[in-house]
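Here are my notes for your first look. Keep the sequence and the picture side by side as you read.

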Amino acid sequence: HSVSLTYNVTDVENSVSNCSLFLKHSYAGAWERNYTDTSITELVNQSINITLGHENAYWKVGCQDTSGS
């Protein structure tokens, strides 16, 4: 089924260059990069639309700024 994940990004020192969605399908599983967005607008909700199977999924978003951190 389709899922829309929403997140918001703020970096006070540098501009954000990209954000990636990571998924895993069990608590002990390994994180896998699923999607990377390079058109980030800070202080505005960003959405990623993905299709998942019927299993549970854990998700997180990690972002990098222009300094690489």
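1. Does Q46 count as buried or exposed? Q46 counts as buried, because its relative accessibility is 8% and the cut-off for buried is under 20%. Please keep in mind that this is a predicted model.

2. Start with the overall layout. The protein has zero helices and five strands. Along the sequence the pattern reads β-β-β-β-β. The C-alpha trace spans about 40 × 25 × 15 Å along its principal axes.

3. Next, the contacts across the chain.

4. Now the surface. The protein has 69 residues, and 26% of them count as buried. Its accessible surface comes to about 4700 Å². Carbon and sulfur atoms account for 47% of that surface.

5. Back to Q46. You will find Q46 in strand β4, which covers residues 46–51. The side chain of Q46 reaches two backbone oxygens. One belongs to T41, at 2.7 Å. The other belongs to V44, and lies 3.1 Å from a polar atom of the Q46 side chain.

6. Which residues touch Q46, once its neighbours within four places in sequence are left aside? They are L5, T6, Y7, D37, S39, I40 and T41.

7. D37 sits in strand β3, residues 32–37. D37 is buried, yet has no salt bridge. The nearest side chain of opposite charge is R33, 12 Å away. A salt bridge needs the charged atoms within 4 Å.

8. What does the side chain of D37 reach? It reaches the backbone nitrogen of S39, at 2.9 Å. Leave aside neighbours within four places in sequence, and D37 is in contact with Y7, S17, N18, C19 and Q46.

9. Check the backbone at L43. L43 has a positive phi of about 65°, although it is not a glycine. L43 lies in the loop between β3 and β4. L43 counts as exposed because its relative accessibility is 62%, and the cut-off for exposed is over 50%.

10. Then look at the start of the chain. H1 lies in the segment before β1, which covers residues 2–7. With 51% relative accessibility, H1 counts as exposed.

11. Where does H1 make contacts beyond its neighbours within four places in sequence? H1 is in contact with I50, T51, L52 and G53. H1 and I50 are 49 residues apart along the chain. Their C-alpha atoms are separated by 8.4 Å.

12. Y27, W31 and Y58 make a nonpolar surface patch of about 370 Å². Y58 belongs to strand β5, residues 58–65. Y58 counts as partly exposed because its relative accessibility is 37%, and partly exposed covers the range between buried, under 20%, and exposed, over 50%.

Notes: Residues numbered from 1 in each chain as written. Predicted model: local features only at pLDDT ≥ 70, side-chain atom pairs only at ≥ 80, totals over all residues. Heavy atoms only, no water. Patch = residues over 30% accessible without salt bridge, like charges linked within 9 Å, V, L, I, M, F, W, Y side chains within 5 Å. Areas by Shrake-Rupley, 256 points an atom, 1.4 Å probe, with all protein chains shown as cover. Helix = DSSP H or I, 4+ residues; strand = E, 2+ residues; numbered from the N terminus. Buried < 20%, exposed > 50% of the residue type's maximum accessible area, 1.4 Å probe, protein only. Lys, Arg positive; Asp, Glu negative; His and termini not counted. Polar contact = N/O pair within 3.5 Å; in protein donor to acceptor, adjacent residues only side chain to side chain. Contact = heavy atoms within 4.5 Å.
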